[in-house]
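This report walks through a few local features of one protein chain, meant for a reader who is meeting the structure for the first time. Please keep the sequence and the model in view while reading.

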Amino acid sequence: MELERAVETYLRHVALERGLSDHTIAAYRRDLVVYVEWLRARGTAEIEAVTPALVTEFVAERAAAEPPPAASSLARLQSSVRGLHRFLVREGRVDDDPSGRLRPPKTPRRLPKALTISQVEDLLDAAGPAPGSSDASAAEPAAVRDRALLELLYATGARVSEIVHLDVDDTVHGDLLRVRGKGDKERVVPVGSYARAAIEAYLTRIRPALAAKGRATPRLFLGVRGAPLSRQSAWLIIQAAAERAGLTAHVSPHTLRHSFATHLLQGGADVRVVQELLGHASVATTQIYTHVTADALRDVYATAHPRARAR
């Protein structure tokens with residue numbers, strides 16, 4: 001089978017049968033295009049001709065590239081190559097898996113960066129005025145929407161892709177939100193009073209006018225022309241609010257998700273409750289936030305206890 005055809009067959013499989021996101025599939029495609037070009041440069045045009053030695057040489061060459069690739073990028077590259085070959089063996093397209101000897105590189109466990117509670121409040125205020133404040137009545141429509149968007153991200157810990165795909169009817173009984181996560185798994189997340197007030201202000205004052213500018217859509221968050229708000233637009237809204245708030249550290253939609261989890265654990269929430277709220281399949285994924293909390297406890301202890309440090 002020709003290399004390009006093998007890759008397209010595999011990508012079609014992960015898109016249709018495994019339901020991976022467009023973002024993930026695009027990353028797989030980029031990795032496999034590099035792999036195919038490398039194989040063709042060495043005179044290999046058929047997938048059946050790929051040997052373990054070729055796969056090992058490819059990965060070693062990529063690892064030694066200048067500048068050195070990030071460990072996470074190299075791990076994803078290996079995963080893309082292994083996934084392709086394993087799929088072809090499983091489907092009976094080839095007899096052997098030349099990537100079977102690959103061992104993924106160890107990636108450093110990076111702790112997520114969370115904002116402090118006061119930084120989150122500064123970010124929310126920079127996005128738009130709080131509902132009921134003296135500035136709320138004169139606020140620009142986009143500011144009311146942006147405040148609602150950021151309040152909901154922080155209140156629920158949802159991924160930005162989950163928030164921008166919400167429909168108006170996904171609010172249940174006012175204080176619960178129905179969220180569809182990875183693999184189209186649905187979970188219900190409580191919504192606090194601040195976020196509820198911001199959403200109510202947006203729904204009653206702003207969304208009807210935005211909806212009138214575009215085609216009918218059930219999506220909760222709309223752009224200035226009435227179309228559903230995109231993930232990229234939400235990212236830009238957060239970036240702009242961070243700049244206005246004077247937050248010099250990188251702030252992204254995931255920063256609010258990290259902050260949500262960290263602040264819950266600092267407040268005494270059980271890690272399995274946080275796991276459910278975040279939509280993590282495994283509690284091991286959620287436990288990374290316990291390390292963040294442990295660091296905070298260590299700092300407080302070192303500062304407050306009279307015999308924590310040698311004089």
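## Helix 2 and what follows

Helices here are DSSP runs of H or I with at least four residues, numbered from the N terminus. The model is a predicted one, and in it helix 2 is followed by Gly-43, whose phi is positive, near 80°. As background, most residues other than glycine have a negative phi.

## Two loops

Which residues does Thr-44 contact, once its neighbours within four places in sequence are left aside? Thr-44 is found in the loop between helix 2 and helix 3, and its contacts are Leu-3, Leu-39, Ala-49, Val-50 and Leu-54. Thr-44 counts as buried because its relative accessibility is 7%, and buried means under 20%.

The loop between helix 3 and helix 4 holds Pro-67, and the peptide bond that joins Glu-66 and Pro-67 is cis, with an omega of about -5°. In general, most peptide bonds are trans.

## A cavity and a pocket

How many cavities of 30 Å³ or more does the count give? The count comes to 1 cavity, and about 40 Å³ of space lies in the largest cavity. Its lining is made up of Pro-129, Pro-131, Ala-136, Val-144, Arg-147, Ala-198, Ala-201 and Arg-205. The elements that give two or more residues to this lining are helix 6 (141-156) and helix 8 (193-212), and helix 8 gives the most, with 3 residues. By kind, the lining of the largest cavity divides into 6 nonpolar residues, no polar ones and 2 charged ones.

The second largest pocket holds about 390 Å³ of space. Of the 16 residues that line this pocket, Val-120, Leu-124, Glu-151, Tyr-154 and Tyr-194 are the closest to its centre. At least two residues of the pocket lining come from each of helix 5 (117-127), helix 6, helix 8 and helix 10 (253-266), with helix 5 giving the most, 5 residues. The residues that line the second largest pocket divide into 9 nonpolar, 3 polar and 4 charged.

Is Gln-239 buried or exposed? Gln-239, which lies in helix 9 (residues 231-244), has a relative accessible area of 18% and is therefore buried, since the limit for that class is under 20%. Not counting residues up to four places away in sequence, Gln-239 touches His-250, Val-251 and Ser-252.

Methods: Residues are numbered from 1 along each chain as its sequence is written. This is a predicted model: local features need pLDDT of at least 70, side-chain atom pairs count only at pLDDT 80 or more; totals for chains, interfaces and linings use all residues. Side-chain values use heavy atoms; hydrogens and water are left out. On a 1 Å grid over the protein atoms alone, a cavity is a set of points where a 1.4 Å probe fits but cannot get out, and a pocket is an open set with protein on both sides within 12 Å along at least five of seven lines; lining residues have an atom within 4 Å of a point. Grid points are joined across faces, edges and corners, and a volume is the space filled by probe spheres set on the points. Ala, Val, Leu, Ile, Met, Phe, Trp, Tyr, Cys and Pro count as nonpolar, Asp, Glu, Lys and Arg as charged, and the others, Gly among them, as polar. Buried means under 20% relative accessible area, exposed over 50%, partly exposed in between (1.4 Å probe, protein chains only). Contact means heavy atoms within 4.5 Å.
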